Amino acid sequence: MGYILWVLIRCLGLIIIFNNGEASHKAYMHLQSTPAINVKQVHRTGYHFQPTKHWINDPNGPMYYNGIYHLFYQYNPKGAVWGNIVWAHSVSKDLINWKKLDPAIYPSKPFDQFGCWSGSATILPGNKPVILYTGIIDKNNTQVQNYAIPADLSDPYLTKWIKPDNNPLIVADISVNKTAFRDPTTAWWSGDDGHWRISIGGRRRERGMSFLYRSRDFVHWIKAKHPLHSKGGTGNWECPDFFPVSVSGKNGLDTSFVGSGIKYVLKVSLDVTRYEYYTLGTYSNEKDRYVPDEGMIDGWNGLRYDYGNFYASKSFFDPSKNRRILWGWANESDSTNDDVKKGWAGIQLIPRTILLDPNGKQLLQWPIEEVETLRGKKVELSNRKLVKGEKVEIKGITAAQADVDVVFSFDSLDKAEPFDSNWDRYDAQKLCSQKGSTVEGGLGPFGILTLASENLEEYTPVFFRVFKAKDEHLVLMCSDATRSTLKEGNGAYRPSFAGFVDVDLTEKKLSLRSLIDNSVVESFGAGGKTCITSRVYPTLAIYGNAHLYAFNNGTQTIKIDSLNAWSMNKPLKMNQ
Ligand SMILES: *[C@@H]1O[C@H](CO)[C@@H](O)[C@H](O)[C@H]1NC(C)=O
Ligand SMILES: *[C@@H]1O[C@H](CO)[C@@H](O)[C@H](O)[C@H]1NC(C)=O
Ligand SMILES: *[C@@H]1O[C@H](CO)[C@@H](O)[C@H](O)[C@H]1NC(C)=O
Ligand SMILES: *[C@H]1O[C@@H](CO)[C@H](O)[C@@H](O)[C@@H]1NC(C)=O
């Protein structure tokens, strides 16, 4: 069962790929313990969560406990590539200002000596937090599930964590592939039968799977006969997240909530595509099975949290504001070589609140309200027409670090381009690569140009384009990194990320909000129905030389109903 499957020689030297060549994390052995010599500041974010240096990936065990938000995350303390992973730990009172603590969990025991991978937190009755995480126990990448508890519940920051000796709690039985058995969820409590449940990601051959385990005491766990859910042909499932959403309410729900008027969300991170997919469905306590709603697409044509750089996300319930908050990780889009030179790689995206769309068919995500406290200088624009080929500069704010919220309107849908029936309805990204911002259209492309240089040598457009299909209009939303940088880069990763927006066009309006932060553009279309995150590395459009425009390249005149844009401040304390 060798885990070293491919050994490639590249310009960087030896690269070893885990997991049968599926993406996961490439291990650049010789760079794993090469500390950053100097940390390059350009392209570092101003208001996103980032440690001062080195590699980060998955957010882990987010929770709110006694007035403090905790964020743990996968971190390499020794270098800017994946490796030496520990659970780094930061705390905050407002989800904006962060204080860095010592790593909470790191390899030290037989049940985790080869790695402390992702997991979740649960607050047990009596207000007792517990973390479940995946431990790697040997060189063959064998995965087990462990728990850790705070050493001192009276320490407001829960600085120290203990890994009791009765670990591991769960080892793979014979039916489970033990090298694809990881990322336990927050536990939920079913109410009637007195059992806790958790789910763990994995696979059975090419069938992606979310295993289900039950326990009465949180120590003895028994695998349920059936997984919570599975789907053939989707490959390994990582980082499952399972939680209820309210059908009509405006509040988030605790993971253990039991009652009527709810739907469930099952999200999985597909290792094969490196995107996250979710379905909405029902879950019954008695059967202990999750069933996606009729019409939900289960697999990589399905709904995504984000159509760009967003992976391994995890949500938690925040009882202080009765909301469910989602944390997601964005990796870099530059090369490993660049990451080593920068001395850092990976950011956590701005936390998002999650609610069910009133249409019941998808989720809505929106940046947490706290991010608005960072808004500084504001500029506004309203009732501004944009004819074909026109663009207007949004001046007076720091365009490299900004929050932009705009509502576009148009008088008619008549000029929407026909949607060719040969196009793949599910490959929005391909369509966006053919119908980019420079390709004249009818209704659209219109939107904003972020991180743009003065003469548009570089820019990352975020825009809509409306098509007329047989009996409906299709709204394409793109965040296109193709022209984001002048930097040479054969084969560099500069995707034209895109998704369709399931929005009612009766009012002939489309809204767009983008959080722009030096090397990241996080965009929310139509109030958070479709979200796209891009990582980009401009060479000219940096700091004070970045510009922001609104544009229209379609024959249909567009109106900016309202546009509000703010310079964004840095938090006073970011994880120093
Ligand atoms: C790892 O796998 C190899 C090949 O199957 C086996 O010979 C070896 O004993 C395993 N090592 C451990 C520590 O499990
Ligand atoms: C077990 O999982 C690993 C990692 O995803 C994969 O490489 C291997 O092929 C799987 N084994 C089987 C029998 O499916
Ligand atoms: C609009 O289209 C023209 C002509 O193709 C192109 O030169 C211009 O760059 C486009 N604008 C944007 C923002 O892409
Ligand atoms: C982020 O980096 C790009 C470029 O290297 C890869 O193509 C993506 O697969 C990767 N995404 C994740 C989630 O690892």
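**Close-up views of a predicted model**

View 1. Residues are numbered from 1 along each chain as its sequence is written, chains are lettered from A and ligands numbered from 1 in the order in which they are written, and side-chain values use heavy atoms, with hydrogens and water left out.

**View 2. Polar contacts of ligand 3.** A polar contact is a pair of N or O atoms within 3.5 Å; within protein, one must be able to donate a hydrogen and the other to accept it, and residues adjacent in sequence count only if both atoms are side-chain atoms. An oxygen atom of ligand 3 lies 2.8 Å from a polar backbone atom of threonine 438. The side chain of serine 437 has an N or O atom 2.9 Å from an oxygen atom of ligand 3, and for the side chain of tyrosine 459 the corresponding distance is 3.2 Å. Ligand 3 taken alone exposes 360 Å², of which the protein buries 58%; accessible areas come from the Shrake-Rupley method with a 1.4 Å probe, and for residues only the protein chains shown count as cover.

View 3. Strand S34 (residues 446-452) is largely enclosed by the rest of the structure, because seven of its seven residues are buried. Buried means under 20% relative accessible area, exposed over 50%, and partly exposed in between (1.4 Å probe, protein chains only). Helices (H or I, at least four residues) and strands (E, at least two) are DSSP runs, numbered from the N terminus, and two strands pair if DSSP finds at least two bridges between them. S34 runs antiparallel to strand S35 (residues 460-468), joined by five bridges, and glycine 447 has phenylalanine 463 in S35 as its bridge partner. Five bridges also link S34 in the antiparallel sense to strand S41 (residues 547-552), where histidine 547 stands opposite alanine 452.

**View 4. The disulfide and two other cysteines.** The structure holds one disulfide, defined as a pair of cysteine sulfur atoms within 2.5 Å. Cysteine 432 is joined to cysteine 478, with an S to S distance of 2.4 Å. The pair links distant parts of the chain, 46 residues apart: cysteine 432 in helix H2 (residues 428-434) and cysteine 478 in strand S36 (residues 473-480). Cysteine 432 is buried, at 0% relative accessible area, and cysteine 478 is also buried, at 0%. The sulfur of cysteine 531 is 15 Å from its closest cysteine sulfur, in cysteine 478, which is too far for a bond; cysteine 531 is buried, at 1%. The closest cysteine sulfur to that of cysteine 239 belongs to cysteine 116, 15 Å away and too far for a bond.

**View 5. A five-stranded open sheet.** Five strands form this open sheet in the order S7-S6-S5-S4-S26, with mixed pairing. Strand S7 (99-105) and strand S26 (344-345) are the edge strands, each pairing on one side only. Strand S6 (residues 86-92) runs antiparallel to S7, joined by four bridges, and histidine 89 stands opposite leucine 101 in S7.

How values were computed: Predicted model: local features only at pLDDT ≥ 70, side-chain atom pairs only at ≥ 80, totals over all residues.
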